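Dear colleague,

I am handing over the structure below, together with notes on what was found in it. Please read the notes alongside the coordinates.

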Amino acid sequence: MSYNLQRKPHASTLPRVTFSQQQVRTEEGSFAQLPCVAQGNPPPTYRWMKDTNGILKSIEDDGRVWVNQGTLNLKKVQSSDGGKYQCIVRNSIGERRIESVLVVTAPLIVNMRPPRQVLNIGQEATFNCNVTGYPVHTITWKKDQRPLASSSRVRLLSRDVLHITSVRRDDRGMYQCFVYNDLDGAQGTAELKISDNRIRSKDMPKRTM
């Protein structure tokens, strides 16, 4: 007796993402990978899109950025590469989408400008907290290592610009700008000195008769 055994075809299935990462963090200039692994029958195809100001744009292989077996590869990462990405896996049954965020970082460096000011009482002072590196999450100010007390006279024009109107003698000291993100921190320092110049009687012009 002979039997005619026929192999049953596998049922078609919707793609299913088996491995991905919601967030990938990398330093500027390094190599980054955004994984996207899926299963399905028929085997799915992969397509990556980048969210640019709410508009999804297709990722094209250009030698620096390419897709290999579903994984998005980026060489010599630039700050502009940071943002939201979508991996679209599709077969004849349908598609699935997963989102990944690429966070590009660069070491934080703070430079206070000007680094030193010598002013007379009543003059105005402005300190700029110039930051390179990213991302920047918070900026805080201190005076002589104590939290800066703001007022109508001492105030922040923006989070990185401190302005003092009509400086007083007790404004002298060291001003610090502290910059932080999740993994890094940096600070810059500047000094404000109050001039001791006074008009003395011998310096006053002589009255002519």
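The protein chain exposes about 14,000 Å², of which carbon and sulfur atoms supply 48%; accessible areas come from the Shrake-Rupley method with a 1.4 Å probe, and for residues only the protein chains shown count as cover. This is a predicted model, in which local features need pLDDT of at least 70 and side-chain atom pairs count only at pLDDT 80 or more, while totals for chains, interfaces and linings use all residues. Residues are numbered from 1 along each chain as its sequence is written, and side-chain values use heavy atoms, with hydrogens and water left out.

On confidence, the mean pLDDT of the protein chain (the predictor's confidence in each residue, from 0 to 100) is 90, and 89% of the residues reach 70 or more. Over residues 199-209, however, the pLDDT is below 50, and beyond near neighbours in sequence this stretch has one contact in the model, where contact means heavy atoms within 4.5 Å.

As for the overall make-up, the protein chain has 18 strands and zero helices; both are DSSP runs numbered from the N terminus, with helices being H or I of at least four residues and strands being E of at least two. Of the 209 residues in the protein chain, 33% are buried, a term that means under 20% relative accessible area, with exposed over 50% and partly exposed in between (1.4 Å probe, protein chains only). Among the contacts in the protein chain with a separation of 6 or more, 61% are between residues 24 or more positions apart.

Turning to the sheets, two strands pair if DSSP finds at least two bridges between them. An open sheet of five strands has the order 11-18-17-13-14, with mixed pairing, and its edge strands, each pairing on one side only, are strand 11 (116-119) and strand 14 (146-147). Within it, strand 13 (residues 138-143) and strand 17 (residues 173-180) are joined in the antiparallel sense over six bridges, and Trp141 has Cys177 in strand 17 as its bridge partner.

Strand 5 (residues 45-52) runs antiparallel to strand 9 (residues 83-90), to which six bridges join it, and Tyr46 stands opposite Val89 in strand 9. Strand 5 is also joined to strand 6 (residues 55-58) by four bridges, again antiparallel, with Asp51 opposite Leu56 in strand 6. The hairpin of strand 5 and strand 6 has two residues between the strands, and Asn53 takes a positive phi near 55° there.

The structure holds two aromatic pairs; rings of Phe, Tyr and Trp (its six-membered ring) pair if their centres lie within 6.5 Å, and planes under 30 degrees apart count as stacked, over 60 as edge-to-face and the rest as tilted. The rings of Phe31 and Trp66 have centres 6.2 Å apart and planes at 35°, so this pair is tilted. The pair links distant parts of the chain, 35 residues apart, with Phe31 in the loop between strand 2 (23-27) and strand 3 (32-34) and Trp66 in strand 7 (residues 65-68). Phe31 is partly exposed, at a relative accessible area of 43%, and Trp66 is partly exposed at 28%.

The rings of Phe127 and Tyr175 form a stacked pair, at 5.2 Å centre to centre and with 25° between the planes. This pair also links distant parts of the chain, 48 residues apart, from Phe127 in strand 12 (residues 125-134) to Tyr175 in strand 17. Phe127 is buried, with a relative accessible area of 0%, and Tyr175 is buried at 1%.

Lys142 lies over the face of Phe178, at 5.1 Å from the ring centre; a charge sits over a ring if NZ of Lys or CZ of Arg is within 6 Å of the ring centre and within 35 degrees of the ring normal.

Two further residues may be worth a look. Lys75 lies in the loop between strand 8 (71-74) and strand 9 and counts as partly exposed at 39% relative accessibility. Not counting residues up to four places away in sequence, Lys75 touches Ser30, Phe31, Gly63, Arg64 and Trp66, and the C-alpha atoms of Lys75 and Ser30, 45 residues apart along the chain, are separated by 6.6 Å. Thr105, in strand 10 (residues 95-113), counts as buried at 12% relative accessibility, and, with residues up to four places away in sequence not counted, Thr105 touches Arg25, Thr26, Glu27, Glu28, Tyr134 and Pro135.
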